[in-house]
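These notebook entries record what I looked up in the structure shown here. I begin with helix packing and then turn to the fold as a whole, model confidence and aromatic pairs.

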Amino acid sequence: MALARRMALPEEVQVSNYYYGLIYRHAGKYELGLQYLDTYLRFVDSIGDRQNVANVYYQIGVIKEVQGDSDQSLDFYLRALGIYRELEDTQSVGFTLNSMGTIYKRTKQYDKAITIYEEALALNKQHGNSIEMGYNYNNLGSVYGMQGKLDTALVYFQKYLDITQQLDD
C-alpha cells in the first residue's frame, strides 16, 4: 500500500484497503477489518461502483455474523442482495442467500432458511455451480434434520454426497 501511495495511485490504495479488511477479518481482528472496509466503501460509493459497494456490504455482513450480531449481519446481506439483484449478478445473489440462510438456521427460523436455501439452490442449478449446489443440499439437509424431518434430511444429504463424489472423480 505504501508503494501505491508514493506513486499517487488512489484506486490501488483503495483496493488495498479492501484486501486489508479481508486479511484482518480472516485474522479475527474484526474492528480493524471493518475500518479498512469502511474506508473502501466510502471510495467505491463515491465513484458509483455498485458491484464493489455490494461486495463490501457482504464482507461487513460476514464480520457482523462472526461477531454474533445476526440482525446487523442480515441488514448488510440484504443491502448486498438488493444491489446484486439490481446488477443481475446471480452468482453473488446465490452466495448471499446462502449466508442469509445460515443465519436463519442458527436462529431457528427454519422455514425462512429453507426458502432462502431453495432459492440459492435454484440459482446454482441454473448456473451449473455444483460446489455451491452441494453446500445448498447440505444446508437443507441440516435444517430438515433440526426440524426432526429425518427422511427429508437424508434425501438432501444424499444429494450432497452424490455431488461431492462427482467432484472427486
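**Entry: α6 and α8.** I looked up the handedness of the crossing of α6 and α8 and found it left-handed; a crossing is called left-handed if the near helix is turned anticlockwise from the far one by less than a right angle, and right-handed if clockwise. The model is a predicted one, in which local features need pLDDT of at least 70 and side-chain atom pairs count only at pLDDT 80 or more, while totals for chains, interfaces and linings use all residues. I note that residues are numbered from 1 along each chain as its sequence is written, and that side-chain values use heavy atoms, with hydrogens and water left out.

Helix α6 covers residues 90–106, and its packing angle with α8 is about 15°, with the axes 11 Å apart. Axes here are lines fitted to C-alpha atoms, for helices over the stretch in contact, and angles run from 0 to 180 degrees between N-to-C directions. The angle therefore makes α6 roughly parallel to α8; the classes are roughly parallel under 35 degrees, roughly antiparallel over 145, roughly perpendicular from 65 to 115, and oblique for the rest.

I then listed the contact, meaning heavy atoms within 4.5 Å. On the α6 side I found F95, N98 and K105, and on the α8 side E132, Y135, N136, N139, S142, V143 and M146. By class, this contact of α6 with α8 has 4 nonpolar, 4 polar and 2 charged residues. Ala, Val, Leu, Ile, Met, Phe, Trp, Tyr, Cys and Pro count as nonpolar, Asp, Glu, Lys and Arg as charged, and the others, Gly among them, as polar.

**Entry: α8 and α9.** Helix α8 (residues 130–146) packs against helix α9 (residues 150–168) at about 160°, with axes 8 Å apart. That makes α8 roughly antiparallel to α9. I recorded this crossing as left-handed. The contact includes M133, Y137 and L140 of α8, and Y156, F157 and I163 of α9. Its class count is 12 nonpolar, 7 polar and 1 charged residues.

**Entry: α5 and α6.** I found that the axes of helix α5 (residues 70–86) and α6 come within 9 Å and cross at roughly 160°. α5 is therefore roughly antiparallel to α6. The crossing of α5 and α6 is left-handed. Among the residues that meet are L74, Y77 and L81 in α5, and L97, M100 and I103 in α6. I counted 10 nonpolar, 5 polar and 2 charged residues in this contact.

**Entry: the chain.** How many helices and strands does the chain have? I found 9 helices and 0 strands; helices (H or I, at least four residues) and strands (E, at least two) are DSSP runs, numbered from the N terminus. Along the principal axes, the C-alpha atoms fill a box of roughly 60 × 35 × 30 Å.

**Entry: confidence.** The mean pLDDT (the predictor's confidence in each residue, from 0 to 100) is 92, and 93% of residues reach 70 or more. Over residues 3–8, pLDDT stays under 50, and the model has 4 contacts beyond four places in sequence for this stretch.

**Entry: aromatic pairs.** I found 9 aromatic pairs in the structure. Rings of Phe, Tyr and Trp (its six-membered ring) pair if their centres lie within 6.5 Å; planes under 30 degrees apart count as stacked, over 60 as edge-to-face and the rest as tilted. One of the pairs is Y18 with Y40, tilted, at 5.1 Å centre to centre and 50° between the planes. Y18 lies in helix α2 (residues 10–26) and Y40 in helix α3 (residues 30–46), so the pair ties together parts that are 22 residues apart in sequence.
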